[in-house]
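Hi,

Here is the structure I promised to pass on to you. Have a look around it first, and then read my notes below.

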Amino acid sequence: MITITKTEDLARFCERARSQPYVTVDTEFLRERTYYSKLCLVQLAIPGNSEEDAVLVDPLAGDLSLEPLYELFRDTSVVKVFHAARQDIEIFVHDAHVVPEPLFDTQVAAMVCGYGEQVGYETLVRKIAKAEIDKSSRFTDWSRRPLTDAQKTYALADVTHLRKIYEHLAKTIETNGRTAWVDEELAVLTDPQTYITRPEDAWKRVKTRTQTGKFLALVRELAAFREGYAQARNVPRSRVYKDDALVELASVKPRSMKDLGRSRLLLREARQGEIAEGILAAIERGLAVKPEDYPETPRSKAQLQVNPALADLLRVLLKAKAESAGVAQKLIATAPELDEMAAGNRDLPAMTGWRRKVFGEDAERLIDGKIALAAKGSDVVVLRID
C-alpha cells in the first residue's frame with residue numbers, strides 16, 4: 001500500500017491520472033470538534049490492478065501540498081468518480097475553492113439505475129463488484145498517526161472497488177440513454193453555492209413546533225448568530241448552543257444575563273461572555289422585526305388544502321412509474337411534493353426535466369382528470385379518459 005507524503009510524489013501520481021479516463025476519489029475526515037471538516041486522508045485510484053494504481057494521500061504530512069490534486073480536479077478531460085460526493089466536495093470547496101469536474105457520483109447513478117434510495121457503498125460493492133468490505137475500521141480517528149494496516153486497507157477499498165462500480169453504472173446509464181438524467185442531478189453537486197451555508201438561512205434547519213412569524217423571527221436571529229459565531233471560530237454549532245436551547249431561548253426571550261442564567265438547556269459557557277452578549281443582541285433584533293419582515297414558513301399539509309384522495313392516487317402513480325423506469329421514487333418526487341401537487345401547485349421539480357417525462361406529465365393528466373389508474377394483476381396501469 002502506497003502512502004504519499006510528499007508533494008512531488010503526489011504530482012507524479014496526478015500526472016499519471018491525467019492520462020486516464022477517470023480517477024476514483026474518497027476522503028476520510030473528522031468533524032466532531034470543528035465546524036469545517038478536517039481532511040485526514042485522500043484515497044485515489046486509476047484504472048489498473050497494480051499497487052501503483054491506488055494510493056493514499058496524507059494531507060497531515062507537514063511538507064505535502066494538495067495543489068497537484070486540485071490541478072487534477074480542474075482537468076476536465078478526466079472524470080472524477082465519488083460515492084455520495086457532497087461531504088467530500090464540501091472539503092475541497094472550503095479548502096481550495098475547487099469543484100472536481102466532470103463529476104460522477106455513483107450513489108446518484110445507482111438511484112437512476114434502480115438500486116434504491118440513498119444506496120450505500122457497501123451494497124454496491126456486494127451487488128456489482130461481488131466483494132465484501134471489512135467494516136472494523138469504519139469508526140476510527142483518522143487524524144491519529146501512524147495509520148494501521150487495517151485502516152489503510154479499509155480506506156483503499158473505498159476507491160478500488162469504486163472503479164468496477166463506476167464502469168458498470170456508466171455503461172448501464174449510457175445503454176439506457178440516461179446520461180442527461182444523471183447530469184441534471186449532478187448539477188447541484190457541481191455548483192459551489194451548494195456548499196455555502198449562509199447564517200441568515202440557518203433557521204430553516206431548526207425544527208420547531210411553533211410556526212408563528214413572530215416566534216420564527218427570533219429563531220432566525222438566534223440561528224444566524226450561532227452560525228456566524230461557529231463559522232468564524234471553526235467550532236461545531238452545537239458547541240455554541242444546541243437546537244433545543246435555541247428553541248427555549250426563542251420561547252422565553254431572555255433580556256439580561258440574569259435571565260440567561262435561568263435557562264435549563266443553555267451550556268454554561270454560553271451564559272456569559274461573547275456568546276451571551278450575542279444571544280441577547282439576537283433576541284433584541286428578533287423582537288424588533290416588523291410583521292411584514294417575518295420569515296416565510298413552508299405551508300403545512302392542512303394549510304395546503306390537500307385533496308387526500310388525489311394525493312393517494314399520485315403516490316400510487318409515482319410507485320408505478322418509478323418501478324417501470326427502474327428509478328428510486330424519492331429521486332423523482334418527495335412526499336411533500338406530492339401533497340403540493342394535490343393542492344394545485346405545479347411549479348415543482350417533478351414537473352421539469354427528465355422527471356416530467358417519467359412522472360410529471362401523467363401526474364398532471366391525473367390531476368386534470370384525463371387519465372385513471374387501474375390494477376392489472378400486480379401492476380398498476382394508466383387508462384386514458386376521452
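Let's start with Y154, which sits in helix 6, residues 149-176. (Helices, H or I with at least four residues, and strands, E with at least two, are DSSP runs numbered from the N terminus.) Before going on, note that this is a predicted model: local features need pLDDT of at least 70, side-chain atom pairs count only at pLDDT 80 or more, and totals for chains, interfaces and linings use all residues. Residues are numbered from 1 along each chain as its sequence is written, and side-chain values use heavy atoms, with hydrogens and water left out.

Is Y154 buried or exposed? Y154 counts as buried because its relative accessible area is 12%. (Buried means under 20% relative accessible area, exposed over 50%, and partly exposed in between, with a 1.4 Å probe and protein chains only.) Leaving aside residues up to four places away in sequence, Y154 touches E28, I133, D134, K135, S137, R138 and W142; a contact here means heavy atoms within 4.5 Å. E90 lies 64 residues from Y154 in sequence and 22 Å from Y154 in space, C-alpha to C-alpha.

D201 is partly exposed, because its relative accessible area is 32%. D201 and Y121 are 80 residues apart in sequence, with 31 Å between their C-alpha atoms.

Now the sheet. In what order do its strands run? The open sheet has 6 strands in the order 1-4-3-2-5-6, with mixed pairing. (Two strands pair if DSSP finds at least two bridges between them.) At the edges are strand 1 (2-4) and strand 6 (103-105), each pairing on one side only. On average, neighbouring strands of this sheet are turned by 30° against each other, direction ignored. Helix 3 (residues 86-96) packs on the sheet and touches strand 2 (22-30), strand 3, strand 5 (79-82) and strand 6. The direction of helix 3 makes about 80° with that of strand 2. (Axes are lines fitted to C-alpha atoms, for helices over the stretch in contact, and angles run from 0 to 180 degrees between N-to-C directions.)

Strand 4 (residues 54-57) pairs with strand 3 (residues 38-45) in the antiparallel sense over 4 bridges, and Q43 stands opposite L56. With strand 1 the pairing is parallel, over 3 bridges, and V57 in strand 4 is the bridge partner of I4. Both faces of strand 4 are covered: A54 and L56 are buried on one side, V55 and V57 on the other.

Finally, the whole chain. How many helices and strands does the protein chain have? There are 17 helices and 8 strands. Of the 386 residues, 46% count as buried. The C-alpha trace spans about 70 × 65 × 35 Å along its principal axes. Among contacts between residues at least 6 apart in sequence, 62% join residues at least 24 apart.

Cheers
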